[in-house]
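Hi,

Here is the structure I promised to pass on to you.

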2 protein chains.
Amino acid sequence: LPSPSPPLLAELEATVEHADLDPAVHVILLSGNGKGFCGGYDLVDSAEGQGRMSEEGAAPPTGSPLDPLVMSSNHDPSRTWDPMVDYAMMSRNVRAFMSLFHCGKPVVCKVHGFCVAGGTDMALCSDLLVIARDAKIGYPPARVWGSPTTSMWAHRLGPQRAKALAVHRRFTLRRGSGRMGSGDRGALARGGRRTGGDPRERIARMPLNQLMMMKLGRSTFKG
Amino acid sequence: LPSPSPPLLAELEATVEHADLDPAVHVILLSGNGKGFCGGYDLVDSAEGQGRMSEEGAAPPTGSPLDPLVMSSNHDPSRTWDPMVDYAMMSRNVRAFMSLFHCGKPVVCKVHGFCVAGGTDMALCSDLLVIARDAKIGYPPARVWGSPTTSMWAHRLGPQRAKALAVHRRFTLRRGSGRMGSGDRGALARGGRRTGGDPRERIARMPLNQLMMMKLGRSTFKG
């Protein structure tokens, strides 16, 4: 799958809605058709104007939180960051991912190769996972660029294990078991590996606001 | 406001989203511009083909739960009613109403004249209510045609009072106080009048499936 840009997300939401309404469709299948599932947000595109809309979609009003200029100036280190501008943009992405979760029919997702960062959201919001033996699943931005955007790690792992993963365990690449239907007991359910060092040191190295966000995002989760 | 038909609901959702993104908008105001706020679903239109889509909107697939023929044949008394067909249609209406509740900016709703049945959903999903002294608010279909579609009566009144209203109190017309800002302590917060008779008789007259739906809809509410 390409990176979750606004046009891709609008297409995802519209396709899921159409399949959900089509009486001939009993199951929705999601997979990447390249060398991996999805590599996450395109950070170059993000820096250079992520807010571009699909041609069909209605353009957001000038100066909206989806305006590329607004997004980039909100990340200007010399200015104050407005969390509500970020939330207005990212919560719309999460709403698009969650169309997989909220639609009326089961969504089966096949994960192969890399499934990383923003790419994990689409896998996590699916109902059933089939994970290839060579799959590499992880969330490298966590602890540096804020909390994972969906609460679906907690939904998969339970809040307690998701909390450990968010604050001190290795939030990175795990192999799937490769067996059909085993996804939910596989990579996304094992909760990361212990790291070699002292977890207290790992926690102490995190910026305080990131740490508080990681805890908030897991503690307020309602299953 | 006209009856909540699919084109009106699509327009409501799109207008709320646009206002939510527009940085010049601080508050969203909702009111009827006729002799009342909203009279609810148009039952004639409903019987004759409620599923018509707005001209701009993508047409749902043939045979979908939004197809007028599917809806009307699902209400053919000689055939078995499929609750999931009804849910697929009505949950999309609720999603449109709830765009008022979920958008990032406060929604102030003015209620005057009649605000009845499906029309109450738009008022209930708003954040703040201003209710005219002459307003008449109620949900006459309840107890005959199923539970109110949103859970917002419970949100306004609390689950316990909403439950009493749903199963034995008079679920009908109440006056607002007419004072600015008093809406939340006014008509929608008083929870209906006691009826003259024995509440046990009133409950005993309700069909069992309606009674169970009324209780389920209130008991599973999470505030």
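In what order do the elements of chain A run from the N terminus on? The order is α-β-α-α-α-β-β-α-β-β-α-α-α-α, so chain A has nine helices and five strands, where helices (H or I, at least four residues) and strands (E, at least two) are DSSP runs numbered from the N terminus.

Before you dig in, some ground rules. This is a predicted model, where local features need pLDDT of at least 70 and side-chain atom pairs count only at pLDDT 80 or more, while totals for chains, interfaces and linings use all residues. Residues are numbered from 1 along each chain as its sequence is written, chains are lettered from A and ligands numbered from 1 in the order in which they are written, and side-chain values use heavy atoms, with hydrogens and water left out.

Let's begin with chain A as a whole. Of its 223 residues, 48% are buried (under 20% relative accessible area, with exposed being over 50% and partly exposed in between; 1.4 Å probe, protein chains only). Take the contacts (heavy atoms within 4.5 Å) between residues at least 6 apart in sequence: 69% of them join residues at least 24 apart.

Now find strand β1 of chain A, residues 28–31. I28(A) and L30(A) make up its covered face, while L29(A) and S31(A) are on the uncovered one. β1(A) runs parallel to β2(A), residues 107–111, and four bridges join the two (strands pair if DSSP finds at least two bridges between them). Opposite I28(A) you'll see V107(A) of β2(A).

Next, P148(A), which sits in the loop between β5 (136–138) and α6 (152–157) of chain A. Is this proline buried or exposed? P148(A) is buried, with a relative accessible area of 5%. G217(A) is 69 residues away from P148(A) in sequence, yet their C-alpha atoms are 8.4 Å apart in space.

Over in chain B, have a look at helix α7, residues 159–167. Its buried residues are A162(B), A164(B), L165(B), A166(B) and V167(B), and they pack against α6 (152–157), α8 (199–205) and α9 (208–219) of chain B.

Finally, how do the two chains go together?

Cheers
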